[in-house]
Amino acid sequence: MTTLLLKNIHTLATMDDVQRELKNASIFIRDNVIEAVGSLEEMPEQTADEVYDLSRHVVIPGLINTHHHMFQNLTRVIAQDKELFDWLVTLYPIWRNLRSEHINVSAKLAMAELILSGCTTSSDHLYIYPNDCTIEDEIRAAQEIGMRFHAARGSMSLGESSGGLPPDSVVENEADILRITRDIIETHHDASRYAMLRVVVAPCSPFTVSKDLMREAAELARSYGVHLHTHLAENVKDIDFSLEQFGQRPGDYVEDVGWVGDDVWHAHCVQLNHAEIGLFARTGTGVCHCPSSNMRLASGIAPIRHMLDEGVKVGLGVDGSASNDSGHLLNEARNAMLLQRVKDTNPGALTAREALHIATRGSASVLGRDDVGAIAPGMAADIAAYNIDTVGFAGALHDPIAALMFGQSINANQVWINGRGVVRDGHLTTVDLPVLIETHNRLSQALINGA
């Protein structure tokens, strides 16, 4: 049994049930679980196996990313001026040449980028499996780098010949999709508290799979007690497709196929209307907000203030690194805060602390987790610390928590995941980052050139 003491914390945002913010605080951790939070005198022990003085740090719960396509960091800044559907059509011919090594290396790079930003838990929606690619390529990456991971086994079954958007060369047979997904759940899903790996059932979108697959995927997920995830109502073309193909708006569609409930979260939801937001609120259905991607693809601004006011569970996501093109979750929270103010022409539309809540507690809620997202006794020891003696905090030390949102989006100085130090003094401890970047660039260039 090992212990860890983080003491003399300059400012601690616990994000606990009463949103405590503490000065000169301490956190005592035994193995992978937070045991005490408060003053040093209140700790069960005044020392530990490892002790860190964080007197020049602002500390928050590890950020939580609820939507990503990690493989896409191999194809950044391509199709720079296209909307969603045209952007996808441009990139599919490149992605059909993906192989196992591409998936593993790109996932590890994406996780490195997220962890350095202060993110400790991430979901990834991998929906394309050409050649020898498998979801295990990502699972292996998470285990190697030490990230808490929700592996969303995506799928596409409707190729161009069947009225879908992707080329036939990158879609799968629906029976195979269900069989493979079942095998992955049985092999990898861990439902226990503090689990480092969970599996999510995640057909890609209404325009890439059939209604039958959506229904059968929901039944499969619920038979195993795992969560469901897909894209929904991302842009106006998305709405048009739904009306043309199904005669339904997205809200009616997901209700029809069984994709509402507290075990479901949808990415984007930019174009949800008032009735659909009400449906999500009533059913406990979650939303992942991806502001940077929505801006990049000109999809619009999701009505997050309206969702929060109605009681919808809202989390945060960086989305794919070919439509963001970054994986810095702290910056994503900043963009969420600022963009909602633009949408509502209201400087108070989303506060700094609300943005941080979405990136921690909100994201935990849409993933169905009550063991991460806050610094409190009984929670997993997922913690990020940011050095306040940097240019971005200058002039803002009277409120360093708000400065994390309003100021320069910096990297974390120290990060612990499940009680394990994975960032020390700004450097990853679990991967040789320069070697990883070199390998990634080689694979990326060959993949792009090969298309």
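Me: Which residues join Lys108 in a network of salt bridges?

Reply: Lys108, Asp137, Arg140 and Glu144 are linked in such a network. The general idea: side chains of opposite charge can pair when their charged atoms come close. Keep in mind that this is a predicted model.

Me: How many salt bridges does the structure hold?

Reply: The structure holds 27 salt bridges. One of them joins Asp17 and Arg361, with the closest N and O atoms 2.9 Å apart. This pair links distant parts of the chain. Asp17 sits in the loop between strand E1 (3-13) and strand E2 (21-30). Arg361 belongs to helix H12 (residues 352-366), and 344 residues separate the two.

Me: Is Asp17 buried or exposed?

Reply: Asp17 is exposed, because its relative accessible area is 70% and the cut-off for exposed is over 50%. Arg361 has 24%, so Arg361 counts as partly exposed.

Me: What about Asp263: which residue forms a salt bridge with Asp263?

Reply: Arg222 does, with the closest N and O atoms 2.8 Å apart. Asp263 lies in the loop between H7 and E11, Arg222 in helix H5 (residues 211-224), 41 residues apart. Asp263 is buried, at 15% relative accessible area. Arg222 is partly exposed, at 36%.

Me: Now the domains. Where are the bounds of domain 1 and domain 2?

Reply: Domain 1 covers 3-62 + 374-428, and domain 2 covers 66-367. Their C-alpha centres lie 29 Å apart. In the interface, 39 residues of domain 1 contact 28 residues of domain 2. The buried area between them is about 2800 Å². Carbon and sulfur atoms give 60% of that area.

Me: How many salt bridges are there between domain 1 and domain 2?

Reply: The count is four. Arg148 and Asp382 also meet through their side chains in a salt bridge, at 2.8 Å from N to O. Between the domains, 17 residue pairs are in polar contact.

Me: Which element gives the largest share of the side of domain 1 that touches domain 2?

Reply: H13 does, with five residues. By class, that side of domain 1 has 24 nonpolar, nine polar and six charged residues.

Me: Last, a helix. Which residues of H8 are buried?

Reply: First the general idea: an α-helix has 3.6 residues a turn, so residues three or four places apart point the same way. In helix H8 (residues 274-283), the buried residues are Glu276, Ile277, Gly278, Leu279 and Phe280. They pack against several elements, including strand E10 (227-232) and helix H10 (304-310). At the start of H8, a side-chain oxygen of Asn273 comes within 3.2 Å of the backbone nitrogen of Ala275. Gly284 follows H8, with a positive phi near 75°.

Key: Residues numbered from 1 in each chain as written. Predicted model: local features only at pLDDT ≥ 70, side-chain atom pairs only at ≥ 80, totals over all residues. Heavy atoms only, no water. Domains from an automatic or database assignment. Contact = heavy atoms within 4.5 Å. Buried area = accessible area lost by both parts, 1.4 Å probe. Polar contact = N/O pair within 3.5 Å; in protein donor to acceptor, adjacent residues only side chain to side chain. Helix = DSSP H or I, 4+ residues; strand = E, 2+ residues; numbered from the N terminus. Nonpolar A, V, L, I, M, F, W, Y, C, P; charged D, E, K, R; others polar. Buried < 20%, exposed > 50% of the residue type's maximum accessible area, 1.4 Å probe, protein only.
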